[in-house]
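Trainee: I have a structure to look at today. Could you walk me through it?

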Amino acid sequence: MPSKCGVCGQVHDNVAMDVAFGMPDPFFRLGRRERDRRGQVTSDLCQFVDAEDRERFFVRCVLLVPVPEAGDSFAWGFWAEVSEQDFDTIVDTWDDAAPSNTPIRATIANPIPMMDGVLGLEVDLLTQGAEDRPHLLIRDKSHPLAQQQSRGMSLHGVVEVLKKLESSGEIKVAE
Ligand SMILES: [Zn+2]
C-alpha cells in the first residue's frame with residue numbers, strides 16, 4: 001500500500017526499480033562507426049579492440065541497492081569490465097544452474113550522473129547461474145554507492161535517481 005513520502009509528501013507508486021545501460025561507456029564513446037569496426041555488443045556481452053589495440057571484455061551485470069520501504073531492491077544494470085580469461089569462464093559457464101561462490105575481479109564500466117568515481121570502481125562479480133545476470137559488490141566499502149548497497153536507500157532516493165538519469169539521456173529505464 002503506497003503511503004505519502006516522508007521527504008516530499010507525494011505518493012511514490014509504480015516506481016521503476018531497474019535501470020539498464022545499453023553498452024559499456026568506453027564502447028559507447030567510440031561512436032557508431034568505430035563501434036561497428038572494433039567490436040560487438042549483445043544484451044549480455046561486449047568486446048572490442050580499443051584505440052591502443054587492446055582487447056576489452058565486458059559483461060552486463062546487476063548491482064542491487066536495497067530499498068527497505070519497498071521490500072525490494074533497486075537494480076543498477078551496469079556493465080563490468082573483466083579480463084579475457086574471466087570473460088571466457090563466464091561465457092563457458094553461462095548456462096550453469098549453480099551460482100558461483102568465487103568472486104571475479106571487475107570494474108564498473110558506466111558512469112552515473114549523480115555520483116563521482118563509479119566508472120572504473122572495483123567490484124567483485126558473482127555469477128548467479130542461468131536465471132539471473134551476475135551480481136556486483138563494491139570492494140571499497142567507503143564509497144558512497146557501497147554504503148548505499150549495505151545500508152539501502154529510500155524510495156524517494158530512487159525517484160530522484162530516476163529523474164537525474166532521465167535528464168542525462170544516456171540511460172534507459174528497463175521495461
Ligand atoms: Zn518523496
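Trainee: How many bridges join strand S7 to strand S8?

Mentor: Good place to start, and keep in mind that this model is predicted. Strand S7 covers residues 79-82 and strand S8 covers residues 104-108. They run antiparallel, and the number of bridges joining them is two.

Trainee: Which residue in S8 is the bridge partner of alanine 80?

Mentor: Alanine 80 has its bridge partner in S8. Ala80 is also among the residues with the most contacts inside the largest nonpolar core. Its partner in S8 is isoleucine 108.

Trainee: Which strands are the edge strands of the open sheet?

Mentor: Seven strands form that sheet with antiparallel pairing, in the order S2-S3-S4-S7-S8-S9-S10. An edge strand pairs on one side only. That leads us to strand S2 (39-41) and strand S10 (135-138).

Trainee: Which strands does helix H3 touch as it packs on the sheet?

Mentor: Helix H3 spans residues 84-92, and its direction makes about 40° with that of S4. Strand S4 (55-60) is one of those touched.

Trainee: Why is the chain said to be as compact as a globular protein of its length?

Mentor: The chain has five helices and 11 strands. For 175 residues the globule rule gives 16 Å, and the chain comes close to that, so it is as compact as a globular protein of that length, with a radius of gyration of 17 Å.

Note on methods. Residues numbered from 1 in each chain as written. Predicted model: local features only at pLDDT ≥ 70, side-chain atom pairs only at ≥ 80, totals over all residues. Core = buried A, V, L, I, M, F, W, Y, C linked by C-beta atoms within 7 Å. Buried ≥ 20, exposed ≤ 12 C-beta atoms within 10 Å, placed from the backbone. Helix = DSSP H or I, 4+ residues; strand = E, 2+ residues; numbered from the N terminus. Rg over C-alpha atoms; globule rule 2.2 N^0.38 Å. Pairing = 2+ DSSP bridges. Contact = placed C-beta atoms within 7 Å. Axes fitted to C-alpha atoms, helices over the stretch in contact; angles between N-to-C directions.
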